[in-house]
Amino acid sequence: MLNRVRSAVAHLVSSGGASPPRPKSPDLPSTTSAPLAAAPETPKSPPARPRSESGASAKTVETRASFSRPTFLQLSPGGLRRADDHAGRAVQSPPDRGRRLPWSTGYAEVINAGKSRHNEDQACCEVVYVEGRRSVTGAPREPSQSQGLCFYYWGLFDGHAGGGAAEMASRLLHRHIREQLKDLVEILQDPSPPPLCLPGTSGTPGCSDSTHLIGPQSCWSSQKEVTHESLVVGAIENAFQLMDEQMARERERRGHQVEGGCCALVVVYLLGKVYVANAGDSRAIIVRNGEIIPMSREFTPETERQRLQLLGFLKPELLGGEFTHLEFPRRVQPKELGQRMLYRDQNMTGWAYKKIELEDLRFPLVCGEGKKARVMATIGVTRGLGDHNLKVCSSTLPIKPFLSCFPEVRVYDLTQYEHCPDDVLVLGTDGLWDVTNDCEVAATVDRVLSAYEPNDPSRYTALAQALVLGARGTPRDRGWRLPNNKLGSGDDISVFVIPLGGPGSYS
């Protein structure tokens, strides 16, 4: 442990000063952002011009590559500088003029209070057309028969240890979803059950070829029911995995990693249903006629303790001899060897006593509680994208094997309810939820929307701004404070407000 402290001090001195605090993983080493090899996308708001134009230092390149804001904000260079001001923390929203976001969606964001160099949140809002890849029957599709699908897409990406992963995901994740849906275009438009297999490519056996079946088939006397809804869920799950794999390839191809990682909260509206996919600690709720419907849950070391402990138990080599998969109420002391102490393992939700052995003196895989809970004393979220180069502080032990890129997907059927203009889906990064609970968000929804006419499209932007302002607070002598004098959120805050009812909502 002393050697780790010396190493950390040496790194601090050699870097010329303390590195800025990083969300969720404050002890991470510095990383360098690499150009992303991907298909061109609509550009983000232009990066801020550095103060010095002399030379082409890596620091200048990193600044230009890592700092951008969502295109739909339409920020001028001056607006971009204001958006990057930690002291003023001005709330940013799309301009009232010009084209609005789909469904008159409201959006607002604000930078952190100095927690990281730039705003590491990113956002995306798109209408995506999906053209079918091939006919389900395998026959070539006539041009006149091509009937594609459109889906609406919203995404919030909360970066940590840099903004590279969040920026990349905001540009590309919806493209991966589109690719996964291409095989499903005809299937989703056909009310009959999905086919068990799609036609094979030339030279490969199709489902009609039974020569590849091995063993008795008595256990397959009936076929499992697969719904169209589950196909869309699977497409979204696969898209998250492919996005994460692309980030890993960028690291290998470029010789250095995509900067940091990110939580991802995504909404897809397709054929009357809303799919909410979450990997991380951002959250989404529906407020419908005053009722609160949670549409996601947080994935943290506490909520996923048993999954993490099970992995550590099954693959102890991932712990590197430095960590124990067991959890204790506090760090075990050497003087407690031989005593019986409370503990729990991967199978337990309660607590029991065990005799303390030498291995129990290792650092626990999951430690802390609440916002201070960490995996391997490093990161505070257990699902997300990126983090392929994340190591335990002053160690070569990777943390990525314990982090999952797969989201939990919840589905809400819009056709089952008659929604009014005040029914909304609220998406927020943890900067909102750290200081605001569901009931307070619902109260703000009622207060703000009741002050506007139901057909006023600006009401949802006003609501998003009110939620961000309420979580940020106002500047005082002792930092940003809420009306009750508690600390406001010092994190980046990003909020989407998606109306679920009212004129023009689904056009």
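In which loop does Leu487 lie? Leu487 is found in the loop between S18 and S19.

This report describes a predicted model, in which local features need pLDDT of at least 70 and side-chain atom pairs count only at pLDDT 80 or more, while totals for chains, interfaces and linings use all residues. Residues are numbered from 1 along each chain as its sequence is written, and side-chain values use heavy atoms, with hydrogens and water left out.

**The chain as a whole**

The chain contains 10 helices and 19 strands; these are DSSP runs numbered from the N terminus, with helices (H or I) of at least four residues and strands (E) of at least two. Of its 507 residues, 49% count as buried. Here buried means under 20% relative accessible area, exposed means over 50%, and partly exposed lies in between, for a 1.4 Å probe and protein chains only. The chain exposes about 24700 Å², of which carbon and sulfur atoms supply 53%; the areas come from the Shrake-Rupley method with a 1.4 Å probe. Among contacts (heavy atoms within 4.5 Å) with a separation of 6 or more, 71% join residues 24 or more positions apart.

**Confidence**

The average pLDDT, the predictor's confidence in each residue from 0 to 100, is 84 for the chain, and 78% of the residues score at least 70. Over residues 46-66 the pLDDT is below 50, and this stretch has 20 contacts in the model beyond near neighbours in sequence. Residues 1-43 also have pLDDT under 50, and the model gives them 87 contacts beyond four places in sequence.

Leu156 belongs to strand S3 (residues 149-160). With a relative accessible area of 0%, Leu156 is buried. Beyond four places in sequence, its contacts include Tyr107, Gln122, Cys263, Leu427, Ser494 and Phe496.

Leu487, by contrast, counts as exposed. Leaving out residues up to four places away in sequence, Leu487 touches Val435, Arg478, Trp480, Arg481 and Leu482. Leu487 and Ala471 are 16 residues apart in sequence and 9.3 Å apart from C-alpha to C-alpha.

Asn485 is placed in the loop between strand S18 (479-481) and strand S19 (493-499). Asn485 has a positive phi of about 75° although it is not a glycine. Ser104, in the loop between helix H3 (77-83) and strand S1 (106-110), likewise has a positive phi, near 55°.

| Residue | Relative accessibility | Class |
|---|---|---|
| Ser104 | Ser104: 22% | partly exposed |
| Asn485 | Asn485: 34% | partly exposed |
| Leu487 | Leu487: 52% | exposed |

The structure holds 3 cavities of 30 Å³ or more. On a 1 Å grid over the protein atoms alone, a cavity is a set of points where a 1.4 Å probe fits but cannot get out, and lining residues have an atom within 4 Å of a point. Grid points are joined across faces, edges and corners, and a volume is the space filled by probe spheres set on the points.

Terms used: On a 1 Å grid over the protein atoms alone, a cavity is a set of points where a 1.4 Å probe fits but cannot get out, and a pocket is an open set with protein on both sides within 12 Å along at least five of seven lines; lining residues have an atom within 4 Å of a point.
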